[in-house]
Amino acid sequence: MPTEAIPLIPRSELALTARDFKSDQEVRWCPGCGDYAILAAVQGFMPELGLAKENIVFVSGIGCSSRFPYYMNTYGMHSIHGRAPAIATGLASSRRDLSVWVVTGDGDALSIGGNHLIHALRRNVNLKILLFNNRIYGLTKGQYSPTSEVGKITKSTPMGSLDAPFNPVSLAIGAEASFVARTIDSDRKHLTEVLRQAAAHRGTALIEIYQNCNIFNDGAYEVLKTPSDSKTGQQDQVIRLAHGQPIRFGGTRGVVRDRATGDLKVVEVTDDNAADIVVHDAHSPSPTTAFALSRLADPHTLHHTPIGVFRAVDRPVYDRQLADQLDTAIEQNGKGDLAALLAGNDTWTVESSS
């Protein structure tokens, strides 16, 4: 029977810092890898949970990002390729006193692990999934991944990739995820704020983190990190989403709904169209606008890439519903007998002829 969520220990009594969440293991990523920045941000954020380290678990699959549990001074499991969401689902459903985090990559989550990911999202298990997306297979030395752009030249696609890439945010919204966000490894303030909102969400929260692989796909997101205007620091490429605020960026640009097609598009803001600028509603019950926002970015140039929380809505949480069903079954029928259930109604003994 799932364990009831236990009260949090007051943060004043814990007095934990980022140092408390650093393990004694040597961090073994390539120098300059974006994973270092994400690890530092997560370790720095963990004390905000107000939880003892023993009540936090990191589960990973296979890939560079999946070394994460070794470097967190919490419970953790380096599991098998693509299966981290399945393992984490079992853990979160049976131990509701734990804060369960999944760390995965674009290859691990969206290739062999694709089904596990979408079913965790649709079930709305109480998990926080960090999906590191560097648009390449890093651990196996630079093959194209499910998020690599069409035409990508790699060791496995010397003439250019023919596969249309997944858009992780679009996929998550299509799977009815209750919380979907995107952030960037090098923007620690933004990354931490997204982690904060995800941690407060009840249910599955998926955060896509654009992460640079400086060995096999260096500069994949450089256009999103360099200000277009050196004087003001304004970025024409990045759209920062804020719930309840008009979607404007780059000083003079905004997002409106095309009256002919219903799609979203980027326009220069003028007195004539200022009133048409879409106001971001992350809590809208309908996923339509969030999905449209996820399709704004050009898949090749990444211009007009939204970051922030696309969707954050309340939905029944799987582990809570499962606990309620078990409570009802026990109330009506009493505790079951596992041995009798496994044996069934018909049993027999096979004896050796020797």
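How many positive and negative side chains does the protein have, and how far apart do the centres of the two sets lie? The protein has 34 positive and 38 negative side chains, with the two centres 3 Å apart. Lys and Arg count as positive and Asp and Glu as negative, while His and the chain ends are not counted; the place of a charge is NZ of Lys, CZ of Arg, CG of Asp or CD of Glu.

**Figure 1. Overall view of the predicted model.** This is a predicted model in which local features need pLDDT of at least 70 and side-chain atom pairs count only at pLDDT 80 or more, whereas totals for chains, interfaces and linings use all residues. Residues are numbered from 1 along each chain as its sequence is written, and side-chain values use heavy atoms, with hydrogens and water left out. The protein contains twelve helices and eleven strands (DSSP runs numbered from the N terminus: helices are H or I of at least four residues, strands are E of at least two). The C-alpha trace spans about 85 × 45 × 45 Å along its principal axes. Because a compact globule of 354 residues would have a radius of gyration near 20 Å, the 23 Å of the protein agrees with that expectation (taken over C-alpha atoms; the rule is 2.2 Å times the number of residues to the power 0.38).

Figure 2. In the protein as a whole, 47% of the 354 residues count as buried.

**Figure 3. Close-up of β4 with its partners β3 and β6.** Strand β3 (residues 99–105) pairs with β4 in the parallel sense over five bridges (two strands pair if DSSP finds at least two bridges between them). Within this pair, Thr104 stands opposite Leu131. Strand β6 (residues 205–210) also runs parallel to β4, joined by six bridges; here Phe132 has Ile209 as its bridge partner.

**Figure 4. Close-up of the open sheet β8-β9-β10.** Three strands form this sheet in the order β8-β9-β10, with antiparallel pairing. The edge strands, β8 (248–249) and β10 (264–268), each pair on one side only. Two bridges join β8 to β9 (residues 253–257), and Arg248 stands opposite Gly254 in β9.

Methods:
Buried < 20%, exposed > 50% of the residue type's maximum accessible area, 1.4 Å probe, protein only.
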